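Student: Hey, could you walk me through this one? I'd like to start with the strands and then go to the metal.

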Amino acid sequence: MQLSADMLALAEEYGIHPDTFPRLQIEAGALTSIAAYLNEKGMSKAVLIMDAQTRAAAGDRLAAQLERENIQVHTIELLANHHGQVNADEAALVQVLVETPMDTDVLLAVGAGTIHDITRFCSQKLSVPFVAVPTAASVDGFTSKGAPLILRGVKQTIQTAAPVAVFADLDVLCAAPRPLTAAGFGDILGKFTSLLDWEISARVGGEAYHALAAKMTRHSLDTCIDHVDEIAKADKAGIRILMEALIESGLVMQVLDYSRPASGAEHHLSHYWEMHLLENDKRQLLHGAKVGVACSIITELYKNWVEQFDPSEAKGAYAAALLANWDEIRLMIAALPTPETLQYYLEQVGAPASTEEIGIPSELVQDSLNEAYHLRDRCTALFLINQFKREQISYPLQDRIGSR
Ligand SMILES: [Zn+2]
């Protein structure tokens, strides 16, 4: 995968030399290139971090290939919790820190988002570089530095290490379970509202905005929407488009050292639900599955807001800036696809399209609409709606005036 001219321009602006970007290889058979890369870099002792599923999907095959090329391999199979899941929590982090031999040259994250988050944290703490070997196009965080970790039952994102290389084997990605690919698409779909929230925050909350970073993230989104049929087929062409979009979005975050282009109110809702599931010791849901559903709910809320809000009633902080920008904000929200269209996209790729499908009860959605804006000190339209609301936001949302 070549870095785009926009990416090179963005990197230059931030004083980042293109050589410090991870090497990116997205192609069928990419697994077979890893041994040569490690030998070229003089990395002869590798630790593979995986779980039972990703060991079967790629880990065992990769280990055998590396050993054939005289690389010493130590494997760590992360243990699942009582829900049969691996979380990026203390148990997993300590397992990797304990089981990694002292003289390791490189960690290889063989898995989806969670295994990458565990590995990127340990990579930084052990001062050992890591190579990303995604086994599913499930999330946009493979190349970013932020690791969302669950510590003492609370989720927090810690800035850690980015991979030195990404080897995304299309044969492996195409064979991934469909919900994982669908979640990757959901994470991308969330850019509709994250980009909107960023622009609103810049206008109303005075947050720094970067037009090129926004444009690049928008390009990732548009490409996936234009090729939703191919992504739904999960063939190599479609999965390549999705994976490149996820990586591009992640690289923008890596350069900015900031997740803002890719994370707005839809991510705040997702985080709120996730924390609730953690507090109640429930099974975790795929990140992108929550984000995709949350994006359609947030879109519906914003469109209702535009139709129901009387700007003359705005008072307090933010009111003047909101009123000064109201015409543009209204147009930006009107330009969002309808919630029904967003749900249609999700259904096309086989992603859950409603909170019922992911088992999030209406009361929890309602609580999140009223409280999730507290999670981050970021201005979003959700934050503004909560500033100006006269009563609690109810859920299901009331019909839009225009659709009655
Ligand atoms: Zn995300």
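Student: Okay, which residue in S4 does Ile 49 stand opposite?

Tutor: Ile 49 stands opposite Ala 109 there. Keep in mind that this is a predicted model.

Student: How many bridges join S2 to S4, and do they run parallel or antiparallel?

Tutor: There are 4 bridges between S2 and strand S4 (residues 106–111), and the two run parallel.

Student: And how many bridges join S2 to S3?

Tutor: S2 is joined to strand S3 (residues 72–77) by 6 bridges, again in a parallel arrangement. In that pairing, Lys 45 sits opposite Gln 72 of S3.

Student: What do S2, H3 and S3 make together?

Tutor: A right-handed β-α-β unit, with helix H3 covering residues 52–68.

Student: Why is S2 largely enclosed?

Tutor: Because 5 of the 6 residues in S2 (residues 45–50) are buried, the rest of the structure largely encloses this strand.

Student: New topic, the metal! Which residues coordinate the zinc ion?

Tutor: Asp 187 does it through OD, while His 267 and His 287 each use NE2, at 2.1 to 2.2 Å. Along the chain, the donors follow the spacing D-x79-H-x19-H.

Student: Where are Asp 187 and His 267?

Tutor: Asp 187 is in helix H7 (residues 178–189) and His 267 is in helix H12 (residues 265–279). They are 80 residues apart, so this pair links distant parts of the chain.

Student: Is Asp 187 buried or exposed? And what about His 267, buried or exposed?

Tutor: Asp 187 is at 0% relative accessibility, so it counts as buried. His 267 counts as buried too, because its relative accessibility is 5%.

Definitions and conventions. Residues are numbered from 1 along each chain as its sequence is written. This is a predicted model: local features need pLDDT of at least 70, side-chain atom pairs count only at pLDDT 80 or more; totals for chains, interfaces and linings use all residues. Side-chain values use heavy atoms; hydrogens and water are left out. Donors are N, O and S atoms within 2.8 Å of the metal (3.2 Å for Na, K and Ca); water is not among the atoms, so sites may look incomplete. Buried means under 20% relative accessible area, exposed over 50%, partly exposed in between (1.4 Å probe, protein chains only). Two strands pair if DSSP finds at least two bridges between them. A crossover is right-handed if, with the strands pointing away from the viewer, the path from the first strand over the helix to the second runs clockwise.
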